[in-house]
Amino acid sequence: MARKVIHVALNGVTGRMGYRQHLVRSLLAIREQGGIPLDEGTSLYPEPILVGRSEARLRAIAERHGLSRWTTSLDEVLGDPDVDVYFDTQVTSAREDAVGRAIAAGKHIYTEKPVATSAAAAFAMAEAARAAGITHGVVQDKLFLPGMIKLRRLVREGFFGRILSVRLEFGYWVFEGDGFPAQRPSWNYRAEDGGGVVLDMFPHWQYLLEDLFGPVSAVYARRAVHLPQRWDEDGQPYQVTADDAAYAVLEFTGGAVASVNSSWAVRVNRRELLELQVDGTQGSAVAGLRNCAVQHKVSTPMPVWNPDLPDPLDYQAMWTDVPDNMDMGNGFKAQWELFLRAAALGKPFAWDLFSGARGVQLAELAMRSSDEGRRVEVPLPANVSVPSNVPVRENTGPEA
């Protein structure tokens, strides 16, 4: 099969997510499988160009994987006419400027989220990309998780009947860093560096929940700093200036209501770090990263509240796991394949910068809600009809 090379500049690849998920498990895995088949009988083959601040770390990664190109100069790759795609997985505070420069250079854009630190900047970035006529996309990996793919099938097939409510629980205990090392970088807890659980996670919740249940119409949120002091990578104490937990109620245009809890200061007592429970008139489901369990109306037990006697019902045993009927693979890799194919063919990408901007908008409105102590309405996306408890998109999901 003939090979068509597409050159991809990856900025921030020395970070954990950039290295593991985007370079090794996505682009290098695509190369190992021989590329991405195109309609005309050719194979699209990505050629990574590593970009970052540390010359030593970039050289080490390149040598480890047999890659020939790396640089500490963003100007170098943006000025190279052979570079087709610019990918950004830097810290949030550095992303807006770099992506803006890449758009101006005419590169196709693929980026982690949040795409910017404000909704105004995010929408301006999306408008600039549209005006440039490039293919642009945002990583929305939660859509490609096996558990969420199973949940999407249930929604599409009407398993729930009328959807009543959603409960999203996400989080885990991030150690402060004074004894056990912290599992997250210190910048995540500094607002001045673009940190905070709202800005980090609400863009995820926006695209995931919109895809499943339609647009969010209103939000009421309360954010908190539960652990005001942490220790950085050098063992030095610092004051936390960004929220490490948020508690929100979201309303959907279709009538459902969601309770969304996100926290880096909670201990896990559930099957997975992310769980999403959906309750409807005909059935319920609980989905995580990989698992999805269901309970239909005909199988629902009849609990009786009696605090004086032990409850005889084993509630968890009454749920049935949805089987793995197919190999769903790595979600990051699956979306990379879709984006690279769209960029190579000059086609629009379903999860574009406008989608990413709506995620920043929801985070910003949640912060406003918390600061002002009130419910805040969320503008409905342009050209989107109001659904009745069904997803907005049809035939554009991970299985399409």
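Between which two strands does the loop that holds T281 lie? T281 sits in the loop that connects β14 (274-280) and β15 (283-287); helices (H or I, at least four residues) and strands (E, at least two) are DSSP runs, numbered from the N terminus.

The model is predicted, so local features need pLDDT of at least 70 and side-chain atom pairs count only at pLDDT 80 or more, while totals for chains, interfaces and linings use all residues. Residues are numbered from 1 along each chain as its sequence is written, and side-chain values use heavy atoms, with hydrogens and water left out.

## Overall architecture

The protein chain contains nine helices and 18 strands. Its C-alpha trace spans about 70 × 55 × 40 Å along the principal axes. For 400 residues, a compact globule would have a radius of gyration near 21 Å, and the 22 Å of the protein chain agrees with this. The radius of gyration is taken over C-alpha atoms, and the globule rule is 2.2 Å times the number of residues to the power 0.38.

Of the 400 residues of the protein chain, 52% count as buried. Buried means under 20% relative accessible area, exposed over 50%, and partly exposed in between (1.4 Å probe, protein chains only). The accessible surface of the protein chain comes to about 18200 Å², and carbon and sulfur atoms hold 50% of this area. Accessible areas come from the Shrake-Rupley method with a 1.4 Å probe; for residues, only the protein chains shown count as cover. Among contacts in the protein chain with a separation of 6 or more, 71% join residues 24 or more positions apart, where contact means heavy atoms within 4.5 Å.

Rolling a probe the size of a water molecule over the atoms shows where empty space is left. On a 1 Å grid over the protein atoms alone, a cavity is a set of points where a 1.4 Å probe fits but cannot get out, and lining residues have an atom within 4 Å of a point. Grid points are joined across faces, edges and corners, and a volume is the space filled by probe spheres set on the points.

The structure holds three cavities of 30 Å³ or more. The largest cavity has a volume of about 80 Å³. Its lining consists of Q206, E210, P215, V216, R358, Q361, L362, V378, P379 and P381. Two elements, α7 (197-213) and α9 (353-372), each give two or more residues to this lining. The greatest contribution to the lining of the largest cavity comes from α9, with three residues. By class, six residues in the lining of the largest cavity are nonpolar, two polar and two charged. Here Ala, Val, Leu, Ile, Met, Phe, Trp, Tyr, Cys and Pro count as nonpolar, Asp, Glu, Lys and Arg as charged, and the others, Gly among them, as polar.

T92, P114, W187, N188, G194, G195, G196, L199, D200 and W264 form its lining. By class, the lining of the second largest cavity has four nonpolar, five polar and one charged residues. One of the residues that line the second largest cavity is P114, which is placed in the loop between β6 (108-111) and α5 (119-132). The peptide bond from K113 to P114 is cis, with omega near -5 degrees.

## Selected residues

The following pairs give C-alpha separations.

| Residue pair | Separation along the chain | C-alpha distance |
|---|---|---|
| T281 and R16 | 265 residues | 42 Å |
| S263 and F170 | 93 residues | 6.5 Å |
| L289 and E272 | 17 residues | 6.8 Å |
| A182 and D232 | 50 residues | 8.1 Å |

T281 has a relative accessible area of 30% and is therefore partly exposed. Leaving aside neighbours within four places in sequence, T281 is in contact with F160, G161, R162, L164 and K297.

S263 belongs to strand β13 (residues 257-263). Because its relative accessibility is 5%, S263 counts as buried. Not counting residues up to four places away in sequence, S263 touches F170, G171, Y172, D244, A245 and Y247.

L289 is located in the loop between β15 and β16 (292-296). With a relative accessible area of 30%, L289 is partly exposed. Beyond residues up to four places away in sequence, L289 touches L145, P146, G147, E272 and L274.

A182 lies in the loop between β8 (163-171) and α7. A182 counts as partly exposed because its relative accessibility is 33%. With residues up to four places away in sequence not counted, A182 touches V174, F175 and G177.

Definitions and conventions: On a 1 Å grid over the protein atoms alone, a cavity is a set of points where a 1.4 Å probe fits but cannot get out, and a pocket is an open set with protein on both sides within 12 Å along at least five of seven lines; lining residues have an atom within 4 Å of a point.
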